[in-house]
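User: I would like to go through the terms used for this model and see what each one rests on. Please set the values against the cut-offs as we go.

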Amino acid sequence: MSQSLELLLLQFLMPDNEARQKAEDQIKRLVRDLDVVPHLIDHIRSATTPNVRQLSAVLLRKKITGYWPMLTDEIRQLVKQSLIESIALECSPSVRRASANVVSIIAKHTVPGGEWPDLLPFIFQCSKSAQEDLRELGLLLFSSLIETIGDSFQPYFADLKLLLLNCLQDEISAVRVASLKAIGAFLESTHDESQVKKFCEYIPSILNYSRKCLSSGDDDNVIIAFEIFDELIESPAPLPGESIKAIAQFSLEVCSSSNTEISIRHQAIQIISWLAKYRSNSLMKHGLIIPILQVMCPLLTEATGSDFDDDLSADRAAAEVLDTISVKLSNHVFPTVFQFASEYSQNVDPKYREASIMVLGLISEGCSELMKEKLEHILDIVLDGLRDPEQVVRGSASFALGQFAEYLQPEIISHYEKILPRILRSLLQDASDDVKEKSYYALAAFSENMHEEIVPFLDTLLGRLFASLQNNPKILQETCLSAIGSVASAADKAFIPYAERVLELMKYFMVLKDEEDLRSRARATELVGIVAVIVGRQKMEPVLPPFIEAAVSGYGLECSELRKHTHGFFSNVTEVLEDGMVQYLPRVVPLAFSSCYLDDGPVVDISDSDEDEDVVGLGAFSSDDEAQDEPRLGNVSIRTDVLDEKAAATQALGLFALHTKSAYAPYLEESLMIMIKHSISFHEDVRLQAVTGLKHILTAAHVFLQGQNDGTSKMKQILDSVMAIYIKTMNQDDDKEVVAQTCMSVAQIITDFGYVAMESYMARLVESTLVLLHQMSACQQVEFESDIKVYDPGQNEVLMDAVTDLLPAFAKAMGSNFAPIFAILFNPLMEFAKGSSSPKDCTMVVACLAEVARNMRAPISGYISPLMPFVLKELASSSATNRRNAAFCVGELCKNAGDYSLKYFDDTLQCLYPLFEEFEPDQAVRDNAAGAVAKMIMAHQDYVPLNQVLPMLLKVLPIKEDHEESVPVYTCICNLVLSSNSQILQLVSDLVIVFVQVAISPLETREVKLQIGGAVSHLISLYGHQMKPIFRSLPPAYARALAAIVPKS
């Protein structure tokens, strides 16, 4: 075979295509035989022509994985020895490299088991060789082997580190590059934090080499250096501050160099971005925040040419850094950025004016609280920008307003009278489509958080938006439709007069089929769903069929954005129609299933090519299936459009189940399987919808399975599956919003199903709750740098609100039996109420305690001493929400703590008194204060000075906002009346006025009104003749309303 194989290899290398093809066919047959291995080795060692030796090595690489287990020990030894000799003695670099590639394959099978002890010493020997190409090849072999058998290098780590450090100083550039690649490979493969930290010793040499490469124009090797820095920064290992400082300073040098290739500068800016994301504390400790900002802010001024890739532009990359660093370190970022914006907003260069406004929009998420304090000044800068003669500045101002509308709530809304007319003027008068598009974005974002304030602007806004839909270029239609949706949501019922026209316009957009129109069709589909929610079932149901048809037909078009909004449309329609959606289930559920089954994995370019094959043209020879080498990954991208579609479909399935219940039975099992699968999706939006949908599936299953023979056991199985997922999510999911939604779902399930059904899960739920209160769950871990804890109220608020909702749910289900569990959770809960805690944390704790007291009742008495001083202090908070919750809490504590609360009654009344005064601006605070006093009277009437308290109480009645307080307040008053209490009977005239207002209120329940009627009846029985003048003085409508609730004698 040996001689014929050599001839075939030579023939394959000939330029004659026909001869090549014949040789290729015969080679393919020969290499199927195991005996080909020693013949290929023979040719690697002794073939006269280098190309034949190289080709033999390439063929061996392709076949060796499949054949290695079947080779005899003798042949294996021959292969290993021959390859080492080829690398050491071969004159041709290409042959050496091809042999090295075979070595890297065989090493995976031999080195870990100790079957090739000579290999690693040999590679060290090569790397120290006097021959530069051998040094390079040895280092490349290290790179290759580290990726697959990195653990085998552990005993040699110290030697390897020294070797790579020396090679970084090598006089030959190729050796330095190979050393750099080996360092990168080792960093990528190691999980040993101590080793990662030791790699920081390379940084000075890497930086020196990178600077030389920059000066010589060797950009590729600088990129390798940045990739190493990337690995170090993203590693969870703690890194020396000096290393981070050196990397940051070098990256800033590169960022600032306008003569450097943009791809290199982009890499440098990306390193700063990763530092901001993962090493923000180190940046702060080493005084790097201001230097970073002083480089990044001016980078926003760099213009991008029209023929340039926007993804690599310096201004876009700098914007990402500013966004990230402001979220991480807002207090350190805002002063410098604000100074930049103030200084350059009037600069003669429009790019600087643009940047001064753009940067304010970029930091508005992270620096929201600080920006609110200077909102007037900031708005002056931005609104001036809307009038700027330069388009880029006006566009930047519109963008910034959109960001403010999203992140500077609720303060920004108070400026609507100043902002909305400016946005409208841009839409009406600006000649630039780009400015108009950003103005639509600003309008949409601003409107989303408005309510009745938008009503006076509706005619003007909608008139302009409707005209724009029909007259503007197609590029603006999508943002225009989005703005209409936001305006409609803000106006709510005030939008109903415009609904018919909108629906008529949408009939046109919802049948568009050209690819360029599909995103507008998607927004139109979304808009019809919004309008449906506003106008309600009665008006919408008759006109829905054509829109349902259009939505279903649109699903078949190749547009993930359209499919996403189609599922959102079906979700909205389901919430409007409720059981009326049953008729559409056979058509819409399969569409949601289809989207849920889409492949949302990464899109990966797999390159199995090899430079050796390129040289010899061996691409036609493929490896056997079992002998495929590890694929090398190229460009990786996540298909976010598919993920959005999948999340929307998952949400729709949950809502179908919730609103159609038993009718959803045919789809229940498959939907449950999808929710379970999606609960561990790699994307948080999909997981979020899954954990929400699981609760809805549970609700539907509960209704459907009731009364069935095996319904109880099936329900238990479903509940077991759902609770297992929820408990795992609480502990292991790394996204706070997903965990928050899980906690809310658990709390609702406990309320709906009761303690008996939930008893078997309680111990694990309490344990998970404790972990969350200690802030030790996966989603609460501070990334990498735990030496300084950065408090992030935005990220924690939603999560901890949800976690603290669990305690009242436990208490409601268990009553006084919750006491032993509360004893475990109490101290961790109170950690959020310490002196350094934020007002939001404090009121979260107070609200939680109030609900626990209400539901656990008597055992709360054991906590009165530590709680009362804290809650009474909250009554004087500057926040209305804090005062409101504190008033509610103090009432529940006094009501449920028995005699233990009596020593605090005087202090409580004294602290509540200011809430009854005219200078208390919040009606809900007054309502809760009234409720607290009423509960105190009902709990311990003798300890309340009624002669002082009752006039104060009646003065703030009737209840105006928080009607949950109506029951305790009016029960207290009626009880006093019915018991003929002398203090209340002195206030009959005031009482009648309050009772009349309750009688005419559409917000009070029938039960409350009947209770009031009973009290009025008692007053009549006591003071019949004296009451008549009071009744006669009432307006006739009031008198009739009062008479209607008085029991007929």
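This is a predicted model: local features need pLDDT of at least 70, side-chain atom pairs count only at pLDDT 80 or more; totals for chains, interfaces and linings use all residues.

User: What makes α36 and α37 roughly antiparallel to each other?

Analyst: Helix α36 covers residues 665-678 and helix α37 covers residues 684-705, and the two pack at an angle of about 150 degrees. Angles over 145 degrees count as roughly antiparallel. The pair α36 and α37 is therefore roughly antiparallel. Their axes are 9 Å apart.

User: Why give both an angle and a distance for two packed helices?

Analyst: Because two packed helices are described by the angle between their axes and the distance between the axes.

User: Which residues of α36 and α37 meet?

Analyst: On the α36 side they are A665, L668, S671, L672, M675, I676 and H678. On the α37 side they are V686, R687, Q689, A690, G693, L694, I697, A700, A701 and F704. The residues of this contact divide into 12 nonpolar, 4 polar and 1 charged. Gly is counted among the polar residues.

User: Why is R501 called partly exposed?

Analyst: The relative accessible area of R501 is 44%. Buried means under 20% and exposed means over 50%, with partly exposed in between. R501 at 44% is therefore partly exposed. R501 sits in helix α28, residues 496-509.

User: What does R501 touch, leaving aside residues up to four places away in sequence?

Analyst: R501 touches F466 and Q470. As for D599, R501 is 98 residues from that position in sequence and 39 Å from it in space, C-alpha to C-alpha.

User: What is noted about the phi of D492?

Analyst: D492 has a positive phi of about 55 degrees although it is not a glycine. D492 lies in the loop between α27 (474-491) and α28.

User: Is D492 buried, partly exposed or exposed, and why?

Analyst: Its relative accessibility is 37%, so D492 counts as partly exposed. The cut-offs are under 20% for buried and over 50% for exposed.

User: Why does R857 count as exposed?

Analyst: R857 has 55% relative accessibility, and therefore counts as exposed, the cut-off being over 50%. R857 is placed in the loop between α42 (839-856) and α43 (864-874). Phi of R857 is also positive, near 65 degrees, in a residue other than glycine.

User: Which residues are joined by cis peptide bonds, and what are the omega values?

Analyst: Another joins L957 and P958, with omega about 10 degrees. P410 is found in the loop between α23 (391-407) and α24 (416-429). P958 lies in the loop between α47 (946-955) and α48 (966-978).

User: How many helices and strands does the protein chain have, and what share of its residues count as buried?

Analyst: The protein chain has 52 helices and 2 strands. Of its 1049 residues, 56% count as buried, and the cut-off for that word is under 20% relative accessible area.

User: What figures describe the chain as a whole, in span, surface and contacts?

Analyst: Along its principal axes, the C-alpha trace spans about 130 × 65 × 60 Å. The accessible surface comes to about 45300 Å², and 50% of this belongs to carbon and sulfur atoms. Among contacts with a separation of 6 or more, residues 24 or more positions apart account for 73%.

Terms used. Residues are numbered from 1 along each chain as its sequence is written. Side-chain values use heavy atoms; hydrogens and water are left out. Axes are lines fitted to C-alpha atoms, for helices over the stretch in contact, and angles run from 0 to 180 degrees between N-to-C directions. Helices (H or I, at least four residues) and strands (E, at least two) are DSSP runs, numbered from the N terminus. Angles under 35 degrees count as roughly parallel, over 145 as roughly antiparallel, 65 to 115 as roughly perpendicular and the rest as oblique. Contact means heavy atoms within 4.5 Å. Buried means under 20% relative accessible area, exposed over 50%, partly exposed in between (1.4 Å probe, protein chains only). Accessible areas come from the Shrake-Rupley method with a 1.4 Å probe; for residues, only the protein chains shown count as cover.
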